[in-house]
Amino acid sequence: MRTDGYPVKRVFTERVSIEVSIENTFMKDAALKENERIDDLERNGYHIIQDTQRFCFGMDAVLLSGFARVKDGARVLDLGTGTGIIPILLEARTGAAHLTGLEIQEDSADMARRSVRLNGLEEKIDIVTGDLKEAGSLFDAASFDVITCNPPYMTDRHGLKNPNDAKAVARHEILCTLEDVVSQTARLLRPGGNFYMVHRPFRLAEILVLLHDYKLEPKRMQLVYPYVDKEPNMVLIEANRGGRPRMTVEKPLIVYKEPGVYMQEIYDIYGY
């Protein structure tokens, strides 16, 4: 999962006071490690563990969780889940029967598992350590109703990368490519199931071609703009496995009314 993008609302990034907000038993269950903190998600009383040096989620993950449509009883897979933010947010706002997060980096997967345990969600959310490129061998074919992904945005041609750096792995296609994401989704999504992804508009043509090639028909798209007079820098996409050609382009989503002040739609997505 990506670790940059728009800054999240302050309540997602400030450290929660141990003395005021979290009881000692809560902190014990979290088993925090060096540079880690617990952030309040302000949904269902849920919290998430983040590493201030490596693994902090951005607004792109929050917007994706708000864009995805998950029916009651659905089985959901989040590819490249990072610290598990998308499964936790989807559990809070949907009636999904079960959610699974797949993450290749063990440090991130470990944080995700501890966040799941911290929120008492072990019966609802599984975190699996594994390679996205081999997802088809880790799970049964056509076994998920919904698949989500907040993949690396940059190809391996965009600048120098350190393959051992967690942020580089999240931002660049070092360990997986866009085609890996789409091909594995096509294998694991049931016929009629939906795929949701957030990405950058500069790769939109490539995204649509790949989805079509793998029989994941684009059905809904929304461009995200930082300000009303700026170019879009995110795109949210829904695709349906085996669906008929017809895509709806939703009205633009504007993030900021002015510096530091979100538009009401953003507050609605955050749950305020």
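A disulfide is a pair of cysteine sulfur atoms within 2.5 Å. Keep that in mind as we look at this predicted model.

Q: How many disulfides does the structure hold?
A: The count is 0.

Q: Why is Cys149 called buried?
A: Buried means under 20% relative accessible area. Cys149 comes in at 1%, so it counts as buried.

Q: What makes helix H5 "mostly covered"?
A: Look at residues 85-93: of the 9 residues in H5, 8 are buried. Among them are Ile85, Pro87, Leu90 and Glu91.

Q: Where is Asn35, and what stands out about its phi?
A: You'll find Asn35 in the loop between helix H3 (24-30) and strand S1 (36-40). Its phi is positive, about 70 degrees, although Asn35 is not a glycine.

Q: Why is Asn35 called partly exposed?
A: That label covers values between the 20% and 50% cut-offs. Asn35 has 34% relative accessibility, so partly exposed it is.

Q: What about Lys215: why is it called exposed or buried?
A: Exposed means over 50%. Lys215 has a relative accessible area of 59%, so it is exposed. This residue lies in the loop between helix H10 (204-213) and strand S8 (216-225), and Lys215 also has a positive phi, near 60 degrees, without being a glycine.

Note on methods: Residues numbered from 1 in each chain as written. Predicted model: local features only at pLDDT ≥ 70, side-chain atom pairs only at ≥ 80, totals over all residues. Heavy atoms only, no water. Buried < 20%, exposed > 50% of the residue type's maximum accessible area, 1.4 Å probe, protein only. Helix = DSSP H or I, 4+ residues; strand = E, 2+ residues; numbered from the N terminus.
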